[in-house]
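Work through these exercises with the model open beside you. Try each task before reading its solution.

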Amino acid sequence: MIGVNELRRGVTFTMDGELYKVLEYQHHKPGRGKAAIRTTLRNLRTGATIQHNFISGDRVEDIRVERRGVQYLYTDGDLYHFMDTETYDQTVLPASVLSDQTRYLKEGMELVLATYEGEPLAVELPTTVDLEVVEAEMAIAGNTATGTLKKVTLETDMEVQVPLFVKQGDVIRIDTRTGEYVTRA
């Protein structure tokens with residue numbers, strides 16, 4: 001058991017028989033009374049995101065999540081297939097568990113799979129991924145002095161804002177935490 005004051009972003013725990021991961025954490029101390037801990041939590045089994053407030057002094061059960069290297073193989077409709085890089089065992093995760101992470105998945109990509117008691121919970125993406133631009137708007141001459149951005153479509157069907165000099169066929173680096181353009185790769 002851990003106190004809710006020890007919760008931080010990325011910590012996993014059980015509450016009411018469900019597994020949760022802390023997405024956001026904010027400690028709020030009013031003038032009187034006990035402090036409140038405001039959290040945004042993701043249910044690791046269903047993928048649902050909830051807001052939950054704890055009172056300082058509450059306790060939750062901490063869990064140990066195992067992490068191992070996997071390779072993304074392919075998608076089959078709503079199911080995503082991964083292979084353990086050591087044992088070659090295959091794991092299947094539904095799109096609801098991966099949520100918006102599917103925008104960054106590319107065949108052959110190395111990831112980390114988080115499991116709890118053999119149950120696959122989530123994949124952890126690298127901080128940045130390199131993706132190819134498959135469709136780009138034409139840059140308009142004269143707009144280059146103002147740092148103007150344009151929208152491009154990447155190989156995973158993700159759309160992102162980039163500087164005007166990026167063109168179709170370029171490989172660009174995307175930050176998986178924010179979904180924003182970082183640089184050309």
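## Exercise 1: Pairing around β4

Eight bridges hold β3 and β4 together, and the two strands run antiparallel. This is a predicted model.

**Task.** Find which residue in β4 is the bridge partner of Gln 26, and which residue in β5 is the bridge partner of Arg 38.

**Solution.**
- Step 1. Start at Gln 26: its bridge partner in β4 is Arg 38.
- Step 2. Move on from Arg 38 into β5, where its bridge partner is Asn 53.
- Step 3. Count the bridges between β4 (residues 36-43) and β5: there are seven, and the strands run antiparallel.
- Step 4. Check another pair: Arg 42 stands opposite Thr 49 in β5.
- Step 5. Look at the hairpin of β4 and β5: five residues lie between the strands, and Gly 47 takes a positive phi near 85°.

## Exercise 2: The whole sheet

**Task.** State the order of the strands in the open sheet of six. Then explain why one side of β1 and of β5 is left without a neighbour in the sheet.

**Solution.**
- Step 1. Read across the sheet: the order is β1-β6-β2-β3-β4-β5, with antiparallel pairing.
- Step 2. Go to the edges: β1 (2-3) and β5 (49-55) stand there, each with a single partner strand, so one side of each has no neighbour in the sheet.
- Step 3. Recall the bonding: strands of a sheet pair through backbone hydrogen bonds.

## Exercise 3: The largest pocket

**Task.** Which residues lie nearest the centre of the largest pocket? Which elements give two or more residues to its lining?

**Solution.**
- Step 1. Take the volume: the largest pocket holds about 770 Å³ of space.
- Step 2. List the lining: it has 29 residues, with Arg 9, Lys 21, Leu 23, Arg 42 and Gln 101 nearest the centre.
- Step 3. Assign elements: β3 (18-28), β4, α1 (95-98) and β11 give two or more residues each.
- Step 4. Sort by class: eleven lining residues are nonpolar, ten polar and eight charged.

## Exercise 4: The cavity

**Task.** How many cavities of 30 Å³ or more are there, and which strand gives the largest share of the lining of the largest cavity?

**Solution.**
- Step 1. Apply the cut-off of 30 Å³ or more: the count is one cavity.
- Step 2. Give its size: the largest cavity has a volume of about 60 Å³.
- Step 3. Name the lining: Thr 12, Lys 21, Leu 44, Val 65, Arg 67, Ala 114, Leu 121, Ala 122 and Glu 124.
- Step 4. Find the main contributor: β11 (residues 119-124) gives three residues, the largest share.
- Step 5. Sort by class: five are nonpolar, one is polar and three are charged.

Notes: Residues are numbered from 1 along each chain as its sequence is written. This is a predicted model: local features need pLDDT of at least 70, side-chain atom pairs count only at pLDDT 80 or more; totals for chains, interfaces and linings use all residues. Side-chain values use heavy atoms; hydrogens and water are left out. Two strands pair if DSSP finds at least two bridges between them. Helices (H or I, at least four residues) and strands (E, at least two) are DSSP runs, numbered from the N terminus. On a 1 Å grid over the protein atoms alone, a cavity is a set of points where a 1.4 Å probe fits but cannot get out, and a pocket is an open set with protein on both sides within 12 Å along at least five of seven lines; lining residues have an atom within 4 Å of a point. Grid points are joined across faces, edges and corners, and a volume is the space filled by probe spheres set on the points. Ala, Val, Leu, Ile, Met, Phe, Trp, Tyr, Cys and Pro count as nonpolar, Asp, Glu, Lys and Arg as charged, and the others, Gly among them, as polar.
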